[in-house]
Structures are given as C-alpha cells and as structure tokens.
Amino acid sequence: MHDAEAQALAKTWFYPFQLPSGGTTPTYGTGELDPIHHTRSAMLESALQAEFGAERRALSAVDLACHQGWFSAQLAQSGFGRVIGVDARPEHIADAGLIRDALRLPQIELVEADVHGLDTARLGTHDLVLCFGLIYHLENPVGALRVARALTKRLCIVETQVVPGLTGWVDYGSYRFVRPLKGSFGIIDETGETHGPEASTTGICLVPSVEALVWIMDRIGFKRVEVLPVPEDGYEQLVHRKRVMVAGWV
Ligand SMILES: C[S@@+](CC[C@H](N)C(=O)[O-])C[C@H]1O[C@@H](n2cnc3c(N)ncnc32)[C@H](O)[C@@H]1O
C-alpha cells in the first residue's frame, strides 16, 4: 500500500474518502455525517454534468474552504485539469495534501488563506468556484461572496445553512420612505467554538435566508441565480431547505 494511503487510514477524517487500495477513511462518530457529503457530491455532479458535460480536462476550479479536500478531490477525479483548494486552517491544508497524495491527484493545488485575504487578481478567474459550507461561519458573508464572484469565469455554486426569512416593509427613517425587506440574516454564536475544525475563525456568524442569498448573488453580478434541486432521498437538511445549494452564472 502507498505510504500516503497507510497514513490516511490511520486517522479519523471528516470525510469518507475511498482510497485506491479499496479502503475508506474512518470518519467522526459512527459516520452519521457521511450522508450530507454524499448528497452534496451528487447535487454537485448533476450541476457539473449539466454545465460542463463529461470532458473537463481544460477546466479549472477553485474550492473555497476546501477543508480536507473532499470536493477538490471530487472535481479532480471528475476530470478538472486544475483545482485550487483554499482553507484558513493549516491542519486542513496538510490533510488535503495527504489525501491528494493518497488519491494521486497532482492537479490539486492547495493554498492556506482566509477567504477575505485572497488576492483575487493573482488567483485569476476559473470556470467553476465552489463556496460550500463557508458563508454561515463568517461575519462578512457578502465580502466572501464578492471574492467568489471575482474568481468566477462561468459558474459559482454556494452551499450554506440558511435561516427562516422575514418579509415585509420597513419605514426607513420615515413612513414616507418605505422599503421592502429583500431577505434576512440570523446571528449565530460560535465564539466558544473557534478552535473547532469546521467552525468560524472569529465566532460571529451571519447566516442568510435563501431569499437574502439569492438577492445578494444577483446584486453582486451573477447574471442568473438558481436554487439547485435536491434528490428526494437526500440528506434531511437539504431536503427540508435548512441548507441550500445555489448556483450563480456569470
Ligand atoms: C463546515 S466546514 C466546510 C468544509 C467544506 N467546504 C464542506 O462543505 O464540506 C467550514 C470550513 O471553512 C473553513 N473556514 C472558516 N473560516 C474561513 C475563512 N475565513 N476563510 C477560509 N476558510 C475558512 C474552515 O477551516 C473549514 O474548513
């Protein structure tokens, strides 16, 4: 067995990576989180098939908040010629490097960076940008979405937890200046969990409603924005619209 594979099998992961020797990396707990990853992978592949078809060698992608590289690996295995995974946590970048070696996917590059500090001009634009599981851990989700938009040549897919939205009208300084609400944000406190591998790095989290997310993506320059369909047997959070996957086309 390849050395990187043996190292990968010796630790517990957030994701159930299938290794070339046939083994699967052990995951947290009893694997209860595995279905969320498999549902999101299936939804992603449907969107990629519809947009890019099967021939993907000429395509490049950025995977923002790549964690241990689950979606970066999926993109590389599905044929993308270049995949750049970005994450703020050095331990995730190290794990993503180990998985890249274990899966023998040299087309994956890894960058340790906070999404807000990314040099988008230097990184350039890419056919696909993923922003999965990130914006609801941020105090500046709109800023992160602007970064995602700046990196997108063709398609950006955002996946996030959402909160129920308020609708209605607001007296904006006076009853004579009334404005419609376009969506809402909920505030979630992760200040006690910033050490957690999946958590926010600052602890103050603004979680959008789906209406807010769609409206903001439209405002920051995506020409078409669509909430992607969920398989009926998918992970309950996605089926019941507690999480959503939203695609934006440039
Ligand atoms: C819930 S995990 C999601 C990982 C993966 N994208 C997924 O959907 O399975 C959140 C990830 O965001 C990363 N993260 C949190 N704040 C970040 C920031 N400001 N910039 C870049 N990555 C960040 C964390 O290190 C972690 O890998």
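Colleague: Let's start with His126: is its side of the story buried or exposed?
Modeller: Happy to start there, and please keep in mind that this is a predicted model. The relative accessibility of His126 is 2%, and a residue counts as buried when that value is under 20%. His126 is therefore buried.

Colleague: Which strand holds His126?
Modeller: The residues to look at are 126-132. They make up a strand, and His126 lies in it. That strand is β4.

Colleague: With which side chain does His126 make a polar contact?
Modeller: Setting aside neighbours within four places in sequence, His126 is in contact with several residues, among them Ala61, Val62, Arg82, Ile84 and Ser60. One of these also has a polar contact of 2.8 Å with His126, side chain to side chain. The partner is Ser60.

Colleague: Now the ligand, please. How many residues surround the ligand?
Modeller: The closest ones are Tyr15, Arg40, Ala65, Asp87 and Phe132. Counting everything around the ligand, the number is 22 residues.

Colleague: What share of the ligand's area does the protein bury?
Modeller: Let's look at some atoms first: a backbone N or O atom of Val115 lies 2.9 Å from a nitrogen atom of the ligand. In the side chain of Asp114, an N or O atom is 3.2 Å from a ligand nitrogen, and for a backbone N or O atom of Ala88 the distance to a ligand nitrogen is 3.4 Å. Taken alone, the ligand exposes 590 Å², and the share of this that the protein buries is 98%.

Colleague: Over to Tyr172: is this residue buried or exposed?
Modeller: You will find Tyr172 in the loop between β6 (169-171) and β7 (178-180). Its relative accessible area is 53%, and the cut-off to pass is over 50%. So Tyr172 is exposed.

Colleague: One more residue, Val210: what class does its relative accessible area give?
Modeller: Val210 is found in helix α7, residues 210-219. Beyond residues up to four places away in sequence, Val210 touches Val162, Val163, Val227 and Val244. Its relative accessible area is 25%, which falls between the 20% and 50% limits, so Val210 is partly exposed.

Colleague: And how far apart in space are Val210 and Val250?
Modeller: In sequence, 40 residues separate Val210 and Val250. In space, taken from C-alpha to C-alpha, the distance is 19 Å.

Methods. Residues numbered from 1 in each chain as written. Predicted model: local features only at pLDDT ≥ 70, side-chain atom pairs only at ≥ 80, totals over all residues. Heavy atoms only, no water. Helix = DSSP H or I, 4+ residues; strand = E, 2+ residues; numbered from the N terminus. Buried < 20%, exposed > 50% of the residue type's maximum accessible area, 1.4 Å probe, protein only. Near = heavy atom within 4 Å. Polar contact = N/O pair within 3.5 Å; in protein donor to acceptor, adjacent residues only side chain to side chain. Areas by Shrake-Rupley, 256 points an atom, 1.4 Å probe, with all protein chains shown as cover. Contact = heavy atoms within 4.5 Å.
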